[in-house]
Amino acid sequence: MKIRVDPSKLEKIISRMLLKGKYYAVNATTNATISNYVVMEAKDNCLNLYNGNNTTLCVFSIPVIQTPAVYSTNGTLLAVEDEGECVVEISSLVTRLKGFTVDMINIIAGDTLVLSTITDNTKFTMPLTVNHSNPAMIHRAKSLTKNGVPFAFKIPYLVGKTELNSLITTTSTRMEKVVKGCNVLNNGKYKFDYKDDKSFTISSETSVTDKYSSLVLTSSNEGEPATVEFAGPFFPFFLEKDETVINVILRDDSPIVFFSNDRLILKAPFVEG
């Protein structure tokens, strides 16, 4: 694999792949990540990034700079010179990307990962990992990028054998204040309610007497009423300087999918106990 990238822009995207934040488990909330490893796949003039654990996966697909500027990642990936893939430790890669002060570097994956300036005068060499810690989830994540970017999914949408029948479209601006309200409770859980009257509510609660909820305006919606609760952060993955369209596919007590044109998160429903 050989790609040419803007190291500063790639560092910010790679950092998002941790999905770092508050997670709820066994009556407690902890700061955690889904995994400290990322799969980097250079394919079809895109750099696809994958990470996941037993309950969550995320995908970021970065097109080469020649693609239309509708992508917030435009300018990150300058060229795919050789296709291929590798698995690398996120924290180590982020540290090395921050070590460059230029706006263009080569990344070459072979027996090791080599990051170098175009003139090859400055170079980092770092080890690769043979396999991701959750290969089954990475395999599932790769199946979601088979049509490349932009992501565009319709309902009914299958996750395994589960058919998700509702699709909601909103924006980062409409969702941001509501998510911040949920985060005040500091419990790392969110409940999405899509009702018969087509209204969409996001809520969070620590008990029947300690809770928060707010209506979220939608751009469009279709499908059946649905309610699902899940744990762990999702919103920062989509937050950009400019407003981002966020699509949500859901079903009662089933996996939930979030996607925009170049990124995606899939989360299992939260089950107490």
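Colleague: What makes K189 count as a charge over the ring of Y24?

Modeller: In this predicted model, K189 lies over the face of Y24 at 4.3 Å from the ring centre, and a charge is taken to sit over a ring if NZ of Lys is within 6 Å of the centre and within 35 degrees of the ring normal.

Colleague: Why is the pair of F153 and F259 called edge-to-face?

Modeller: The ring centres of F153 and F259 lie 5.0 Å apart with the planes at 80°, and since pairing asks for centres within 6.5 Å and edge-to-face for an angle over 60 degrees, the pair is edge-to-face. The pair links distant parts of the chain, with F153 in the loop between α3 and β12 and F259 in strand β21, 106 residues apart.

Colleague: How do you know whether F153 and F259 are buried or exposed?

Modeller: Buried means under 20% relative accessible area, so F153, at 16%, is buried, and F259, at 3%, counts as buried as well.

Colleague: What makes F192 and F200 an edge-to-face pair?

Modeller: Their ring centres are 5.2 Å apart and their planes stand at 75°, which is over the 60 degrees required, so this pair is edge-to-face.

Colleague: Why is F258 called buried?

Modeller: F258, found in strand β21, has a relative accessible area of 0%, and because the limit is under 20%, F258 is buried. Among the residues F258 touches are F192, F230 and F234.

How values were computed: Residues numbered from 1 in each chain as written. Predicted model: local features only at pLDDT ≥ 70, side-chain atom pairs only at ≥ 80, totals over all residues. Heavy atoms only, no water. Phe/Tyr/Trp six-rings, centres within 6.5 Å; stacked < 30°, edge-to-face > 60°. Helix = DSSP H or I, 4+ residues; strand = E, 2+ residues; numbered from the N terminus. Buried < 20%, exposed > 50% of the residue type's maximum accessible area, 1.4 Å probe, protein only. Contact = heavy atoms within 4.5 Å. Lists of a residue's contacts leave out its neighbours within four places in sequence.
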